[in-house]
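Subject: Structure for your files

Dear colleague,

Here is the structure you will be working with. My notes on what was found in it follow below.

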Amino acid sequence: MTTHVSSPTDSADPPRNLAVLVTTLHMAVPIAMRKIAGLTDHERRELAGQSAAWVAEHGDDLLYGGRHCAAAYTMLARGLAALAFTPGGVTFVGKHWCIRPHLDCPTPQASLLHARMCGIDSTPATRVS
Ligand SMILES: [Zn+2]
């Protein structure tokens with residue numbers, strides 16, 4: 001099952017810099033995925049939780065600019081990257097990231113690309129080492 005993270009696009013009045021956020025996350029998340037590919041599932045779960053807490057606390061800086069904007073952006077990308085490793089991957093602001101094929105994948109070739117970028121095998125029977 002894909003994890004859907006609620007996003008600013010769900011708002012009736014999205015922030016002006018949302019397009020920049022969406023565009024840059026498209027590549028920032030796969031880069032973050034590569035960086036955390038060596039973590040254990042437990043470590044990725046902890047990272048996702050830490051990222052969610054950070055973004056919840058500093059999301060306004062991320063969307064409207066502020067002292068924690070860069071850090072919040074990094075934590076958002078890392079959190080989404082961690083969720084990309086879960087079964088079904090993650091969808092946020094209309095973008096989807098995953099590492100293994102799954103039935104409801106909106107971008108079926110993405111899992112193969114993301115897995116290759118992370119240097120891992122995307123077949124379901126293979127565990128990330
Ligand atoms: Zn997918």
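Two residues are taken to be in contact if their C-beta atoms, placed from the backbone, lie within 7 Å. Please keep in mind that this is a predicted model.

Overall layout

The protein has four helices and three strands. Along the sequence they follow the pattern β-α-α-α-β-β-α. Of the 129 residues in the protein, 30% are buried. Among the contacts with a separation of 6 or more, 51% are between residues 24 or more positions apart.

The core

The largest nonpolar core holds 27 residues, and Val29, Leu80, Ala81, Ala84 and Trp97 touch the most other members. Two or more residues each come from α1 (18–36), α2 (41–64), α3 (69–84), β2 (90–92) and α4 (110–118). The largest contribution is that of α3, with nine residues. Leaving out residues up to four places away in sequence, Val29 touches Ala77, Leu80, Ala81, Ala84 and Trp97.

α1 against α3

Two packed helices are described by the angle between their axes and the distance between the axes. For α1 and α3 the angle is about 65° and the axes are 8 Å apart. Angles of 65 to 115 degrees count as roughly perpendicular, so α1 is roughly perpendicular to α3. The crossing of α1 with α3 is right-handed.

Which residues meet here? On the α1 side they are Leu25, Ala28, Val29, Ala32, Met33 and Ile36, and on the α3 side Ala77, Arg78, Leu80, Ala81, Ala82 and Ala84. By class, this contact of α1 with α3 has eleven nonpolar residues, one charged residue and no polar ones. Val29 of α1 is also among the core residues that touch the most other members.

α2 against α3

The helices α2 and α3 pack at an angle of about 145°, again with a spacing of 8 Å between their axes. Their crossing is left-handed. From α2 the contact takes in Arg44, Leu47, Ala48, Ser51, Ala52, Trp54, Val55, His58, Gly59, Asp61 and Leu62, and from α3 it takes in Cys69, Ala71, Ala72, Tyr73, Met75, Leu76, Arg78, Gly79, Ala82 and Leu83. These residues divide into 14 nonpolar, four polar and three charged.

Two residues to look at

Trp54 sits in helix α2. Is Trp54 buried or partly exposed? A residue needs 20 or more other C-beta atoms within 10 Å to be buried; Trp54 has 19 and is therefore partly exposed. Not counting residues up to four places away in sequence, Trp54 touches Ala72 and Met75. Trp54 and Gly79 are 25 residues apart in sequence, and their C-alpha atoms are 9.7 Å apart in space.

Val93 lies in the loop between β2 and β3 (95–97). Val93 is not a glycine, yet its phi is positive, at about 45°. With 20 other C-beta atoms within 10 Å, Val93 is buried.

Regards

How values were computed. Residues are numbered from 1 along each chain as its sequence is written. This is a predicted model: local features need pLDDT of at least 70, side-chain atom pairs count only at pLDDT 80 or more; totals for chains, interfaces and linings use all residues. A nonpolar core is a set of buried Ala, Val, Leu, Ile, Met, Phe, Trp, Tyr and Cys residues joined through C-beta atoms within 7 Å. A residue is buried if 20 or more other C-beta atoms lie within 10 Å of its own, exposed if 12 or fewer, and partly exposed in between; C-beta atoms are placed from the backbone. Axes are lines fitted to C-alpha atoms, for helices over the stretch in contact, and angles run from 0 to 180 degrees between N-to-C directions. Angles under 35 degrees count as roughly parallel, over 145 as roughly antiparallel, 65 to 115 as roughly perpendicular and the rest as oblique. A crossing is left-handed if the near helix is turned anticlockwise from the far one by less than a right angle, and right-handed if clockwise. Ala, Val, Leu, Ile, Met, Phe, Trp, Tyr, Cys and Pro count as nonpolar, Asp, Glu, Lys and Arg as charged, and the others, Gly among them, as polar.
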